[in-house]
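Welcome to this short tour of a protein model. Have the sequence and the 3D view open side by side as you read.

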Amino acid sequence: MSLLALQTAPLSLPRQPAVLLTAAAYALITAAIGIWASRRTRSAGDFFTAGRRLGPFALGVAAMASTLSGFTFIGGPGLLYSVGLGALLIFLPASLSNCLSAWVLAKRLRLLGEARNLLTIPDAIGVRYNSPAAQGLAAVAMLVAIVGYLATNLLALGLVIDALFATGLGTGIWIGTAAVLAYSVGGGILAGVYTDVFQGLVMAMASGLVFLAALRVGGGLGQMSAAILAREPAFLAPWGTLAPLAGLSFFFVFGVGVLGQPHVLHKFYMLKDPLRLRWYPLIMTLAMVVTLLLLFGVGLVMKAEVIRGALPPLGRPDDATPVFLLRFVSPWVAGLLFAGVAAAIMSTVNSFLNVGAAAISHDLPQAVGRPVGNALRTGRLATLAIGILAASVAQASGTLVAFLGIFGWGLFAATLVPALAIGLNWKGGTRAGAIASIGVGLGATLVGETLGFLRIYALPHGVTVSGLALVLALLTYLGVSRLTRASTPELDPDVKLVLEL
Amino acid sequence: MRGTLLGTLGVALAYVTAFFPAPVAGAGPWLMAGGILLLVVSLLLLATRRKGGKRPLSLRLGLTLLGLVLAGGFGAALLLPPETAASPLLLGLPRRAALLIYGVGLAPVLFLPLSYALSFDATVLSEAELREFRRRLAELGAERTR
C-alpha cells in the first residue's frame, strides 16, 4: 500500500494572481459555510450525526468528498503516469462499491442508529454484539489508523498552502490545521458535511474541466493510446506494469474494504429519511466517477506528451498534475483545481477528526463503563486534541508520517468489515468472532506493515499486507463465529428487528 | 453464507499461490478474480435476502449483469494476448484494457444504481416496513419502561 502514501514532497504550483484569487475565494466560502453551520450545532447529535437531517444529495456528495483525498488529484495521476493503467484498479471498484455499501450497510446502520440513538461506527459494533469490549477494540483500531491518515493529510495540506502562499511547510501545516479545526471544533460533522457538499462540487467541477482539457491536449483517447502503445505497450496493459495479482489485490482491498471505512459509513446515521436512501448510490457513484476522471486523463496525457517529445520526462511522478496545469490550462481552471485539492484534503480531515473525536470522547469511555457527561463539550475538546496531535506528528517526522499514512484504508477494512458488513447481515456472527476478527485485523496489519517498513520481511510480489489482513480477519470471523455459536446469547430484540428487516 | 466463505477462501488461496513458483503462482490471479466475484455477489445476495420473498427482476438482472461484467472484464484481461504496438483500439484503448475499464469500471455505473433504486421497496425498505419497524420499536421501548 505504500503506493498510496499521500503527498510528502514539495509541490511546484503556479503562483499566478488568478490561482491565488481562486484559492482565496474557496477558503472564504468554506469559512462562511463553517461559521453558518457552527451556529446551528447545539447538541452532541448535531456534532456527531448532523442532527440526522441530511437529504440524499448532501449525503452522496459529502460521502464522495470524504472518500477521496488529495491523492486523487496529485498522487493518483502520478501513480498512473508511473505504473500505467494498473493504477486504475484502485478506483475501478467505485462503479460498484457504493451500491455494495448501500445494500449491505446503509439501511441497517441508519435504522440501528435510530433505534439506539447511535453516534459512531464502534457504537454499532457494541450494540450488535452487546459488547463494550468489541466497541472499545474497534475504537482503538480506528484511532491508530486515524492519527496516521490525519497526519498525512495535514502534511499534504501544508504542502499545498506552502506551494501557493510560500508560507514554509511548518507554518503551512498549522495554518491548514487551524482552518479545518476552526469549523470542525465549532460545528463538528454538521459543519463538515455542508462544507463537504461545497467541496465535493468543487472537486467534481474541477476534475471534469481538467479531464476535458486533457482530452483536448492529447488529441482524444485514441491518439494518446496510439502514441503510448507505439513505445510502451505494457503501460496500457490492464494491470499496467503491476503483476495481475497486485492489480486484483487493489481491487479486492478497495472494493470490499469500502465496507469498513468509518468516515463514510458514519454518514448513513445522518440521513433524515431512510426511504430516501433509494437515490444515494446513484448520486454518490456519479459524483465519484466524474471526480475520478481527472487522474485518468492527466496520467494518460502526461505519459503521451512525454512519449511524443512535447514535454521532458517528469522529475517526479507527482509533478504530473502541477505540470499539466501550468502548461495546458487557464490559471482560473488551475486555481479551481488547487482549490479542489485543498477541498479533498480538508473534507477528509474533517471526517477523520470527527470520527476520531467520537472514538475518544464516546466509544472508549463507554467501553470502560464510564460515559462522559457533556458529550458536546468533550467532543469539541477531543477534536481539538486529535487535530493538534496529528499536526504535531505531521510536522515532527516525515518518516513516521509516511509509515502511519500507508495503512489507514487497509486497517479500517481489516478491523471493521467482518464484524460490521457480515455481522449486520448474518445472525450467526458472534461476539467472540467479532473481537477475534478485529484483533487479528489490527495485529496482522501492524505487524505486516512494520516488518515491511523496516525491511525485515517483504511479502511476495502481488501480496499486500492490507489484502492479507482483510482475508485473515474475514476467515477468523467466520471460523470463530462457527465455533462459538452455541454459547452466544440471543440478540437484543431491537437489534434482531433491524437484522431481520 | 457459503458463497461468502468460498469467495474469501478463493482470495486467501490466491495469496497463498504467490508464495510458490510457477505454475502454482499462475493460478493466483484466477483465484483472486473468482474470489472477488463470488464475495461481492454473495454479500449482495446476503444483504438482499428477505423473509419468504423472491428477489425482484430488477435486482436479479442487476446481479446477473454484475457477475457477467466482472467475469468478462477480469477474464478478458487475463486471457487475451498482451498488446503490441500494432494492437487495434477499442473505444480509444487496447482491447484488454478497454474491456476491463469500460466493463468493470464503467458498465456497473449504468445499471447497478438503477437496479438498487428500482428494487428498493422490495430489497431494501418500503414505507410499510418502515412504519411497522417504528411501531415495533415503540412497543419494545414501552415494554422496557414497564
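The report below goes through the core, some helix packing and a few individual residues.

## Ground rules

This is a predicted model, in which local features need pLDDT of at least 70 and side-chain atom pairs count only at pLDDT 80 or more, while totals for chains, interfaces and linings use all residues. Residues are numbered from 1 along each chain as its sequence is written, chains are lettered from A and ligands numbered from 1 in the order in which they are written, and side-chain values use heavy atoms, with hydrogens and water left out.

## The nonpolar core

Let's begin inside. A nonpolar core is a set of buried Ala, Val, Leu, Ile, Met, Phe, Trp, Tyr and Cys residues joined through side-chain atoms within 4.5 Å. Buried means under 20% relative accessible area, exposed over 50%, and partly exposed in between, using a 1.4 Å probe and protein chains only. The largest such core here has 222 residues, and F252(A), L300(A) and F324(A) have the most contacts inside it. Helix α7 of chain A, residues 132-165, gives the most to this core: 20 residues. (Helices are DSSP runs of H or I with at least four residues, strands are runs of E with at least two, and both are numbered from the N terminus.) Apart from this core lies another, of six residues, including A44(A) and L376(A).

Which residues does L300(A) touch, leaving aside neighbours within four places in sequence? Its contacts (heavy atoms within 4.5 Å) are L80(A), L85(A), L221(A), M224(A), I228(A), F235(A) and L236(A).

## Helix α13 of chain A

Helix α13 of chain A covers residues 320-328, and its residues A320(A), T321(A), P322(A), F324(A) and L325(A) are buried. The buried residues of α13(A) pack against α4, α8, α12 and α14 of chain A. F328(A) is also in this helix. Not counting residues up to four places away in sequence, F328(A) touches R216(A), V217(A), E305(A) and L311(A).

## Two partners for helix α5

Now look at helix α5 of chain A, residues 94-116. Its axis and that of α12(A) come within 9 Å and cross at roughly 155 degrees. Axes are lines fitted to C-alpha atoms, for helices over the stretch in contact, and angles run from 0 to 180 degrees between N-to-C directions. The two helices are therefore roughly antiparallel; angles over 145 degrees count as roughly antiparallel, under 35 as roughly parallel, 65 to 115 as roughly perpendicular and the rest as oblique. Among the residues making the contact are A94(A) and N98(A) of α5(A), and Y280(A) and M284(A) of α12(A).

The other partner is helix α6 of chain B, residues 127-145, which packs with α5(A) at about 30 degrees, the axes 11 Å apart. This angle makes α5(A) roughly parallel to α6(B). The contact is made by R110(A), L111(A), E114(A) and A115(A) on one side and L130(B), F133(B), R134(B) and L137(B) on the other.

## Residues to look up

In chain B, T8(B) is found in helix α1, residues 2-17. Is T8(B) buried or exposed? T8(B) is buried, with a relative accessible area of 1%. Its contacts beyond four places in sequence are V471(A), L474(A), L475(A), L478(A) and L39(B).

The peptide bond from A22(B) to P23(B) is cis, with omega near 5 degrees, and P23(B) sits in the loop between α1 and α2 of chain B. In chain A, N117(A) has a positive phi, near 55 degrees, though not a glycine. N117(A) lies in the loop between α5 and α6 of chain A and is exposed, at 56% relative accessible area.
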